[in-house]
Amino acid sequence: MKNFLETIEDMILIINREGRLLYANTAVPKKLGYPHEELMSMHILTITSAGKMAEGEKILAELFAGKKESLPLSLEKKEGTSIPAKARIWQGKWHNEPCLFAIIKDLSKEERASSPPFLEPDEIHTGISGAAWCEKPDFASDISCELKDEEPSKPRVLIVDDQLFNLKLLESALKEDYIVMTADNGIEALELATGKSQPDIILLDIIMPVMDGYEVCIRLREMPETRDIPVIFLSALKNEKNEEYALQLGVVDYITKPFSLPIIKGRLRNHVEQKKYRDRQKENSYIDELTQIANRRKFNETVTIEWNRARRNGNSLSVLMIDVDCFKKYNDFYGHLEGDKCLYKIAQTLKSNVKRSSDLVARWGGEEFACVLTDTDRIGAMLVGERLRRAVVKLNIPSEISDVDRVVTASIGVATALPAVDNSLEELLHKADMALYKAKKTGRNCVCTP
């Protein structure tokens, strides 16, 4: 464990009830200038601007009572100057002695960059590498910090461990290269893994209460939306049978504790790169060659995933079936090359008019397209359908042989469901198909529900 703590750039202190330092990683003497031996003989209040903290003993008692989990402070350097900092603190044990663990962020760079020279350290609103700490009303939800203004190009890593100390250490070590998501139990891990912002890779502890890592892994592999997320086990279990069983479950790696941070970073990097390559290959297989939008295979996988997600969250799901009116006549009259151009233009227009990234337009087959709208009720789906119908008309693709208009038009069927045990995805697709049939019977170039 100590070797791992020494790799953390932030300052780490372990303090007993009397305020004595039990441990300080190498970042502390490096930033404060005290020899390590001198540090270990000091009281915590002697290096935290005791003159400005008249109630230091009271604050220490509150920290041990769990009444505070973070606080701004000013650290005294040996040379007499001070640096502003913010500490994240939680209780634990060090060699069976009750203690406080503190990860302390040096804010001097942020202060020089953005704070007025007269601003007191405890007034500074701190940021951590572009990620703002958002204080939560209760301890459970404070386990993961909400990230703002993250770079979208960073891969997402989900760390799952019931030991808060491990979560914070790994988070601190990986936050520069990854968007870090954390969970302290298996149930929360599954919720994050199946959410809108899914992780690219998961670091998963095995021994956890309620639901252990094995069960989490089994459930991840059972769900279509999570079965391809690579999982790395981090565990103190060193038995060969444990590792063999983990590999049988489909994990991509097995790292034993205590672990080396450079090894974790290297293996994470390799597995993320491999996933990126697999994702590119998979995306290529999801593209319709003619229209360059999603194909039916992609639609089938997406609508299944969104059905399951809507069922878990209690949200509506809508499907649109879209048919280009009189297209066979158009193909026969203008020829297949013009027909292909027509389908391409329509496909690209449909795609550009579906605004949300969670929604999908795909080529269903021939001159038919399908669209899945997440968290959308019947009225919302009808409005989207009407927008798509008008977008096709506005293309102004001439059609001398249409029975509907002098330009190419489309008929659209809309169906909405609240996924539950008493209905099915097949029923929703069937209703959308029936609605499309109704639109064609009604006179085409319109939007209908069943």
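Mentor: Quick definition before we dig in: a cavity is a set of grid points where a 1.4 Å probe fits but cannot get out. Keep in mind, too, that this is a predicted model.

Trainee: Which element gives the largest share of its lining?

Mentor: The second largest cavity has 16 lining residues, and Ile44, Thr48, Leu63, Leu73 and Ile89 lie nearest its centre. Two or more lining residues come from each of β1, α4 (56–64), β3 (70–76), β4 and β5. With four residues, the largest share belongs to α4.

Trainee: And how many charged residues does that lining have?

Mentor: Sort the lining of the second largest cavity by class and you get 14 nonpolar residues and two polar ones. The charged count is simply no residues.

Trainee: Now the largest pocket: which domains does it lie between?

Mentor: This pocket holds about 1,200 Å³ of space. Of its 30 lining residues, Gln198, Glu225, Glu283, Lys298 and Ile305 are the closest to its centre. Both domains in question give residues to the lining, so the pocket lies between domain 2 (156–283) and domain 3 (296–448).

Trainee: Which element gives the most to the lining of that pocket?

Mentor: The elements giving two or more residues are α10 (261–285) and α11 (296–313). The most, seven residues, comes from α11.

Trainee: What about the largest nonpolar core: which element gives the largest share?

Mentor: This core has 30 residues, and those touching the most other members are Val157, Ile159, Leu174, Leu203, Ile264 and Leu268. Several elements give two or more residues to this core, including β6 (156–160), α6 (164–174) and β8 (201–205). Seven residues, the largest share, come from α6.

Trainee: From which domains does this core draw at least three residues each?

Mentor: Again, α6 provides the largest share of this core. By domain, at least three residues come from each of domain 1 (1–108) and domain 2 (156–283).

Trainee: How many residues are in the second, separate core?

Mentor: Leu268, which belongs to the largest core, touches Val157, Leu174, Tyr178, Ile201, Leu203 and Ile232, leaving aside residues up to four places away in sequence. The second core is separate, and Tyr34, Leu45, Ile83 and Ile104 are among its members. Its residue count is 28.

Definitions and conventions:
Residues are numbered from 1 along each chain as its sequence is written. This is a predicted model: local features need pLDDT of at least 70, side-chain atom pairs count only at pLDDT 80 or more; totals for chains, interfaces and linings use all residues. Side-chain values use heavy atoms; hydrogens and water are left out. On a 1 Å grid over the protein atoms alone, a cavity is a set of points where a 1.4 Å probe fits but cannot get out, and a pocket is an open set with protein on both sides within 12 Å along at least five of seven lines; lining residues have an atom within 4 Å of a point. Grid points are joined across faces, edges and corners, and a volume is the space filled by probe spheres set on the points. Domain bounds come from an automatic or database domain assignment. A nonpolar core is a set of buried Ala, Val, Leu, Ile, Met, Phe, Trp, Tyr and Cys residues joined through side-chain atoms within 4.5 Å. Buried means under 20% relative accessible area, exposed over 50%, partly exposed in between (1.4 Å probe, protein chains only). Contact means heavy atoms within 4.5 Å. Ala, Val, Leu, Ile, Met, Phe, Trp, Tyr, Cys and Pro count as nonpolar, Asp, Glu, Lys and Arg as charged, and the others, Gly among them, as polar.
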